[in-house]
Amino acid sequence: MLDQFLAGAHVGADVFALRPDYRALLIAVDGIVPGPSDTASDALLTSAEESARELLDAQPVEQVPQVAAWRDAYRAFGAKPQRTRNSLEALLRRAPAGLPRVNRLTDVYNAVSVRHGLPLGGEDLTRYSGSPRLIRATGAEPFDTTADGADVIEHPDEGEVVWCDDAGVTCRRWNWRQGRRTRLRDDTTAALFILDALAPLTDESLKAAADDLITHLTGLGPDVRIAQRLISA
């Protein structure tokens, strides 16, 4: 089932035309035993916070090469990266003061994102309708989110890069804001993780991030099953 789900994943040719160096590494997992943040996930986040402090002592966050690459990618489809920050930049900015402790599944992927310097999204696989696709939006796709504490349906800008499934947008502006429908929950037992890579991040570094994530995911239950797929131009 995991392999079948990933086999249907797709990245549009117009996305690769925007950034030919883009790679998406998708990891699907089930058999997770849900649980709150624990000593292991706290230690992983503490390690990520320390690595972020060292990185940002040497340069401002916007000059970190991976962050700068994503800022350029956002500008290419009309987004303003100073206002809508990619998920890696958002976490790096929070890390010196302390990353949030949410639950052990969320803690793991946030820590891996910071430790390896790439945007990394986590979604509840059971709430998907069809397989994930990365496209440039028409502007008609629904996006289930919240605004001022209320549930609302928004729509992406025309040409915006979005992850979606058959029911609508799951993440806007490549890796900026995840939707409410597919977000991870405290009782999530099956998940999809999307590792987004742009140069200067190498294929070797992308694989290392995936291996790190998988190592920690396999510790989240006795019967964890994992499948992965790399999509590139």
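Is Cys 171 buried or exposed? In this predicted model, Cys 171 is buried, with a relative accessible area of 7%. Cys 164 is buried as well, at a relative accessible area of 3%. A search of the whole structure turns up zero disulfides. The cysteine sulfur nearest to that of Cys 164 belongs to Cys 171, and it is 11 Å away. A disulfide needs the sulfurs within 2.5 Å, so Cys 171 is in no disulfide.

Now let's look at the inside of the protein. The largest nonpolar core has 38 residues, and the ones that touch the most other members are Ile 27, Leu 105, Phe 193, Leu 195, Leu 213 and Leu 217. Take Ile 27 as your example.

Next, the aromatic rings. The structure holds eight aromatic pairs. One of them joins Phe 77 and Trp 174: the ring centres are 6.3 Å apart and the planes make an angle of 50°, which counts as tilted. Phe 77 sits in the loop between helix H4 (65-76) and H5, while Trp 174 sits in the loop between strand S8 (168-172) and strand S9 (177-178), so this pair ties together parts that are 97 residues apart in sequence. Both Phe 77 and Trp 174 are buried. They also belong to a cluster linked by ring pairs, together with Phe 16, Tyr 22, Trp 70 and Tyr 74.

A ring can have a charged neighbour too. The charged end of Arg 173 sits over the ring of Trp 176, 4.7 Å from the ring's centre.

Finally, find Arg 19, in the loop between helix H2 (13-18) and strand S2 (23-30). Is this arginine buried or exposed? Arg 19 is buried, with a relative accessible area of 16%. Not counting residues up to four places away in sequence, Arg 19 touches Ala 69, Asp 72, Ala 73, Trp 174, Leu 198 and Ala 199. Look at Ala 73 in that list: Arg 19 and Ala 73 are 54 residues apart in sequence, yet their C-alpha atoms are 7.2 Å apart in space.

Technical notes:
Residues numbered from 1 in each chain as written. Predicted model: local features only at pLDDT ≥ 70, side-chain atom pairs only at ≥ 80, totals over all residues. Heavy atoms only, no water. Buried < 20%, exposed > 50% of the residue type's maximum accessible area, 1.4 Å probe, protein only. Helix = DSSP H or I, 4+ residues; strand = E, 2+ residues; numbered from the N terminus. Contact = heavy atoms within 4.5 Å. Core = buried A, V, L, I, M, F, W, Y, C linked by side-chain atoms within 4.5 Å. Phe/Tyr/Trp six-rings, centres within 6.5 Å; stacked < 30°, edge-to-face > 60°. Lys NZ or Arg CZ within 6 Å of the ring centre and 35° of its normal.
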